[in-house]
Amino acid sequence: MLKIEDLWVTINGKEILKGIDLHIPAGEAHVLFGKNGSGKSSLLMAIMGFSHYTLGQGKIIFRGQDITNLPTYERARLGLGLAFQRPPTIRGVRTRDILTACAGKRPYQDLVEQYGFAPFLDREINYGFSGGEIKRTELLQLMVQDPKMVLLDEPESGVDMENLQVVGEIIGRLLQKDRRRQHREKSGLIITHTGFILDYINADRAYILGEGRLCCQGNPRELLHDIKSYGYEECAKCRR
Ligand SMILES: Nc1ncnc2c1ncn2[C@@H]1O[C@H](COP(=O)(O)OP(=O)(O)OP(=O)(O)O)[C@@H](O)[C@H]1O
Ligand SMILES: [Mg+2]
């Protein structure tokens, strides 16, 4: 589904990613850990092709196609979808409008009803929304967009305990967790600090991002346990 080879990324002249290699097969969900400021969001933004993330070298291959130089909207059309860590407020555009744009010809009324979203449709995107409402809006947009691969940047942050379950279910749906492993087609790369989301997604692999590289990898729960026990600095030294 996604293959990244030796990706180097700078922002405003600051080198953030220094040779990322990553392979996410179809049907798999991988998790990215790393301390604040380590470059996790930057990696997702670079995969999505935001222009202020400058690629020094490296390649991004999505479903067999080299997308390294494609603009963001073409990556989205090919089936890459991102839920932002801090989604922007967009004055003058109603939530209904962005859902309609994301949906194309797919109907989305059922999803709106199922997730109690009707009261938000005519409000401007994220304007005055609570933190949890913003996160749910973001995931609803992704569901309507129906991407082949989801990039989720801390989807559970700021979400209360009850809504965590809803967020977990939505992510499970996005990743086709109701299907048997060999029948899943969709993939994900998910950033989490808490690991709450691991209860819902049966993630296949996890990495720790440190000093611009994926410095450690393994089973998501084991890795989270090690981070909690030993801290990021020790985990980064282990180089599994
Ligand atoms: N426009 C910018 N100009 C300068 N530095 C930037 C810019 N954007 C990001 N950075 C820096 O890049 C580094 C990586 O940021 P990034 O948001 O990718 O970290 P992160 O791992 O997602 O952190 P967090 O866990 O806090 O979300 C940070 O030190 C950040 O300050
Ligand atoms: Mg981040």
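By class, the shell around ligand 1 comprises two nonpolar, nine polar and two charged residues, where Ala, Val, Leu, Ile, Met, Phe, Trp, Tyr, Cys and Pro count as nonpolar, Asp, Glu, Lys and Arg as charged, and the others, Gly among them, as polar. The structure is a predicted model, in which local features need pLDDT of at least 70 and side-chain atom pairs count only at pLDDT 80 or more, whereas totals for chains, interfaces and linings use all residues. Residues are numbered from 1 along each chain as its sequence is written, and chains are lettered from A and ligands numbered from 1 in the order in which they are written. Of the 13 residues around ligand 1, those that come nearest are N12, N36, K40, S41 and S42, a residue being near a molecule or strand if its C-beta atom, placed from the backbone, lies within 6 Å of it. At least two residues of this shell are supplied by each of β2 (14-24) and α1 (40-48), and α1 gives the most, with three residues; helices (H or I, at least four residues) and strands (E, at least two) are DSSP runs, numbered from the N terminus.

Helix α6 (residues 161-174) has 14 residues, which at 1.5 Å a residue should span 20 Å, and this agrees with the 20 Å that separates its end C-alpha atoms; the expected span is 1.5 Å times one less than the number of residues in the helix. The buried residues of α6 are V167, G168, I170, I171 and L174. Because these residues cover an arc of only 165 degrees around the axis, they lie on the same side of α6, the arc being that of the directions from the helix axis to the C-beta atoms. An α-helix has 3.6 residues a turn, so residues three or four places apart point the same way. A residue is termed buried if 20 or more other C-beta atoms lie within 10 Å of its own, exposed if 12 or fewer do, and partly exposed in between, with C-beta atoms placed from the backbone. The elements that cover the buried residues of α6 include α5 (131-145), β10 (149-153), β11 (187-191) and α7 (198-201), where two residues are in contact if their C-beta atoms, placed from the backbone, lie within 7 Å. Just after α6, Q176 takes a positive phi of about 55 degrees.

Within the largest nonpolar core, which has 55 residues, I171 is one of those with the most contacts, alongside L32, F33, L44, L151, I190 and I208; such a core is a set of buried Ala, Val, Leu, Ile, Met, Phe, Trp, Tyr and Cys residues joined through C-beta atoms within 7 Å. When residues up to four places away in sequence are not counted, I171 touches L152, P155, I197, Y200 and I201.

Helix α5 has 15 residues and reaches 22 Å from its first C-alpha to its last, close to the 21 Å expected at 1.5 Å a residue. Because 11 of its 15 residues are buried, α5 is largely enclosed by the rest of the structure. Charged residues are named in this buried set, which includes K135, R136 and E138 together with L139, L140, L142, M143 and V144. The buried residues of α5 pack against β7 (80-83), α3 (95-103), α4 (109-114), β10 and α6. G132, also placed in helix α5, is partly exposed, with 18 other C-beta atoms within 10 Å. Its contacts, leaving out residues up to four places away in sequence, are with G158, V159, D160 and N163, and its C-alpha atom is separated by 9.6 Å from that of P155, 23 residues apart along the chain. Just after α5, D146 takes a positive phi of about 55 degrees.

Strand β1 (residues 2-11) contains D6, which counts as exposed because it has 12 C-beta neighbours inside 10 Å. W8 is likewise placed in strand β1, but with 17 C-beta neighbours inside 10 Å W8 counts as partly exposed. Neighbours within four places in sequence aside, D6 touches G19, D21, Q57 and G58, and W8 is in contact with L17, K18, G19, L55, G56, Q57 and G58.

Positive phi values also occur in two loops. R63, which is not a glycine, has a positive phi of about 50 degrees and lies in the loop between β5 (59-62) and β6 (65-66). In E211, likewise a residue other than glycine, phi is near 55 degrees, and E211 is placed in the loop between β12 (205-210) and β13 (213-218). Most residues other than glycine have a negative phi, and most peptide bonds are trans. R63 counts as partly exposed because it has 15 C-beta neighbours inside 10 Å, whereas E211, with 10 C-beta neighbours inside 10 Å, counts as exposed.
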